[in-house]
Amino acid sequence: MSSASAPAKLILCGEHAVVYGRPAIAAPLSDVRAYARVKPGQAGSGLRFIAPDLGENWSAAEQPAHPLSELARAALARLGVEDADLTITLRSDIPIASGMGSGAAIGTALVRALAAHVGLALPPAEVAALVYASERRFHGTPSGIDNTVVAYEQAIWFERREPAPLIEPLTIGAPLTLLVGDSGVRSATRLPVGAVRERWQADPRRYEALFDQVGELVVRARAALASGDIRLLGTLLDANQALLEQIGVSSPELERLVAAARAAGALGAKLSGAGWGGVMLALVTPETRDSVAEALRAAGATRVLGV
Ligand code: MEV
């Protein structure tokens with residue numbers, strides 16, 4: 001039997017604009033993970049998936065077009081395996097449709113577990129490419145940042161480019177204390193991503209200008225991270241939230257949490273991920289951490305994670 005896991009992710013800044021070629025910064029949330037376990041199945045059973053958290057149990061023969069059936073087949077082909085009888089159990093601590101990259105983490109854990117099963121270690125770039133191909137097929141126009149940060153499992157600077165993205169490890173000059181507040185509202189990534197695309201198509205000049213402003217603040221956030229200027233970083237996160245509101249991907253629930261975090265002393269706060277629901281993040285200090293966490297809970301956060 002082989003098993004593997006992959007972390008959740010957090011986009012620090014630059015979501016949505018990253019789909020349009022601007023840079024973004026993301027980090028793994030290593031304590032919150034998805035898990036895959038692979039063991040030999042009965043002869044002739046093919047690939048069988050058991051996903052207790054999703055309440056799903058299917059075989060690749062019955063559901064060949066299931067995203068995870070396709071991803072497993074693609075990974076096995078890459079690993080040089082034609083036919084295999086395997087039982088694959090998938091489990092995840094990452095809430096679905098929460099902006100924390102649950103799909104990318106489940107896909108990455110699956111690919112890693114299959115590679116471990118055949119005794120090969122795939123480099124992160126290959127794992128990321130397999131998961132990206134799957135996300136592209138099923139989620140429209142992903143930038144690739146989710147599968148990349150999850151597969152590399154380190155804080156990254158990311159730019160969508162052809163033929164390959166620019167991925168750089170980030171230098172962080174001072175320890176960051178972040179809180180993640182879950183609005184409790186579930187929103188599939190492709191919905192706000194699709195809505196932004198429609199708005200961009202209807203008014204490219206306005207949206208390109210908004211994406212440029214996001215890109216500029218991400219450049220400044222990188223410098224603030226490198227120099228350890230967390231106050232400046234906080235103001236940049238606030239500015240990013242204002243732009244995400246203009247882009248139209250915020251929500252009343254997220255804004256309530258953002259406002260509560262700021263009022264309780266956070267240096268900056270914004271939604272994280274695709275928006276319309278899911279999580280927000282607050283940049284705090286060790287001194288304000290508990291009071292901001294308390295304020296987030298009081299404002300309706302269904303879960304607060306410390307990073
Ligand atoms: C989702 O985690 C981040 C978005 O920018 C979409 C993407 O980059 O694919 C909203």
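How many salt bridges does a search of the whole structure find? The answer is 15. Keep in mind that this is a predicted model.

Let me pick one of those salt bridges. The side chains of glutamate 70 and arginine 137 meet, with 2.6 Å from N to O. Why look at this pair? As a general point, side chains of opposite charge can pair when their charged atoms come close.

Where does the ligand sit? It sits in the largest pocket. Two elements each give two or more residues to the shell around the ligand: strand E1, 2-13, and helix H4, 145-152.

Which residues are around the ligand? Here is the list: Lys9, Ile11, Glu15, His16, Val18, Val19, Pro142, Ser143, Ile145, Asp146, Val193 and Ala274. By type, the shell has seven nonpolar, two polar and three charged residues.

Next, the contacts with oxygen atoms of the ligand. Take serine 143: a polar side-chain atom lies 2.6 Å from a ligand oxygen. For aspartate 146, a polar side-chain atom lies 2.9 Å from an oxygen atom of the ligand. Histidine 16 uses its backbone instead: an N or O atom there lies 2.9 Å from a ligand oxygen. How much of the ligand does the protein cover? On its own, the ligand has 290 Å² of accessible area, and the protein covers 97% of that.

Last, two spots in the backbone. Most residues other than glycine have a negative phi, and most peptide bonds are trans. Now look at glutamate 153. This residue is not a glycine, yet its phi is positive, about 50°. Find glutamate 153 in the loop between H4 and E6.

The other spot is a peptide bond. Is the bond joining glutamate 162 and proline 163 cis or trans? That bond is cis, with omega at about 5°. Proline 163 lies in the loop between strand E6, 156-159, and strand E7, 166-169.

How values were computed:
Residues numbered from 1 in each chain as written. Predicted model: local features only at pLDDT ≥ 70, side-chain atom pairs only at ≥ 80, totals over all residues. Heavy atoms only, no water. Near = heavy atom within 4 Å. Polar contact = N/O pair within 3.5 Å; in protein donor to acceptor, adjacent residues only side chain to side chain. Areas by Shrake-Rupley, 256 points an atom, 1.4 Å probe, with all protein chains shown as cover. 1 Å grid on protein atoms, 1.4 Å probe; cavity = no way out; pocket = protein on both sides within 12 Å on 5 of 7 lines; lining within 4 Å. Sits in = over half its atoms within 2 Å of the grid points. Helix = DSSP H or I, 4+ residues; strand = E, 2+ residues; numbered from the N terminus. Nonpolar A, V, L, I, M, F, W, Y, C, P; charged D, E, K, R; others polar. Salt bridge = Lys/Arg side-chain N within 4 Å of Asp/Glu carboxyl O.
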